[in-house]
Amino acid sequence: MPQGNPTYVPDDGLTTRARRNLPVLAVHTGEGKGKSTAAFGMALRAWNIGLDVAVFQFVKSTKWRVGEEAAFRQLGQLHDEHGIGGAVEWHKMGGGWSWTRTSRKAGSDSDHAAAAADGWAEIAHRLAVQRHQFYVLDEFTYPLKWGWVDVDDVVNVLRTRPGHQHVVITGRDAPPQLIEAADLVTEMTKVKHPMDAGRKGQQGIEW
């Protein structure tokens with residue numbers, strides 16, 4: 001609702017324009033389907049206005065091909081070749097992050113935890129130097145829940161990030177500290193799902 005009016009205007013000394021342009025930390029959580037899909041929809045809007053977009057997937061492996069990844073890689077190529085939209089980067093934890101010298105392909109919990117920590121360290125660095133303008137941290141709540149990444153450190157980095165960098169985090173069971181720090185929190189609630197009737201996921205719907 002672009003023309004909607006806020007129900008509350010804080011006495012923070014900011015102009016309406018300044019407050020409207022504050023960076024957003026969004027969390028999509030809950031048991032229902034659509035958390036990542038909604039985040040990628042926001043990323044598509046960001047790309048359309050020329051923002052630099054970076055996606056970091058924390059659970060899906062490199063073997064899991066999602067339609068959004070293929071689409072965004074094409075959009076990134078469109079930007080690189082014709083200057084349309086924004087730049088795009090897409091990184092997956094499953095086969096080793098693209099910036100690391102060695103990939104972490106072993107399957108133990110310690111390997112996964114180390115890979116998640118590597119990913120968060122890189123994101124924190126990129127936030128500090130304002131590398132991107134729009135981040136999707138897909139399924140990032142799980143490393144937080146499992147104790148692979150420190151929640152308090154994440155919240156501190158996100159709250160103190162410089163410049164104008166939007167961050168969207170997806171996944172079930174978002175920790176309370178993250179929800180408290182976020183500007184926008186959406187909980188997806190499942191009412192019905194095809195899998196409840198024994199139907200498997202299908203291409204074009206789940207991926």
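**Salt bridges and a helix pair**

Glu 69 and Arg 73 join their side chains in a salt bridge, with 3.0 Å from N to O; the term stands for a side-chain nitrogen of Lys or Arg within 4 Å of a carboxyl oxygen of Asp or Glu. This is a predicted model, in which local features need pLDDT of at least 70 and side-chain atom pairs count only at pLDDT 80 or more, while totals for chains, interfaces and linings use all residues. Residues are numbered from 1 along each chain as its sequence is written, and side-chain values use heavy atoms, with hydrogens and water left out.

Both partners sit in helix α3 (residues 67–82), and because they are 4 residues apart, about one helical turn separates Glu 69 from Arg 73. Helices (H or I, at least four residues) and strands (E, at least two) are DSSP runs, numbered from the N terminus. Glu 69 counts as buried at 5% relative accessibility, whereas Arg 73, at 44%, counts as partly exposed. Buried means under 20% relative accessible area, exposed over 50%, and partly exposed in between, with a 1.4 Å probe and protein chains only.

Glu 69 also forms a salt bridge with Lys 92, where the closest N and O atoms are 2.8 Å apart. Glu 69 belongs to helix α3 and Lys 92 to strand β3 (residues 88–92), so this pair ties together parts that are 23 residues apart in sequence. Lys 92 is buried, as is Glu 69.

Another salt bridge links the side chains of Glu 122 and Arg 126, at 2.8 Å from N to O. These two residues are 4 residues apart in helix α4 (residues 109–128), which means that about one helical turn separates them. Glu 122 is buried, with a relative accessible area of 16%, and Arg 126 is buried at 3% relative accessibility. A network of salt bridges links Glu 122 and Arg 126 with Glu 89 and Arg 131. In total, the structure holds 7 salt bridges.

The helix contact is next. The axes of helix α2 (residues 35–48) and α3 come within 12 Å and cross at roughly 10°; axes are lines fitted to C-alpha atoms, for helices over the stretch in contact, and angles run from 0 to 180 degrees between N-to-C directions. That crossing makes α2 roughly parallel to α3, a label for angles under 35 degrees, with over 145 counted as roughly antiparallel, 65 to 115 as roughly perpendicular and the rest as oblique. Among the residues that meet are Phe 40 and Trp 47 in α2 and Phe 72 and Leu 75 in α3; contact means heavy atoms within 4.5 Å.
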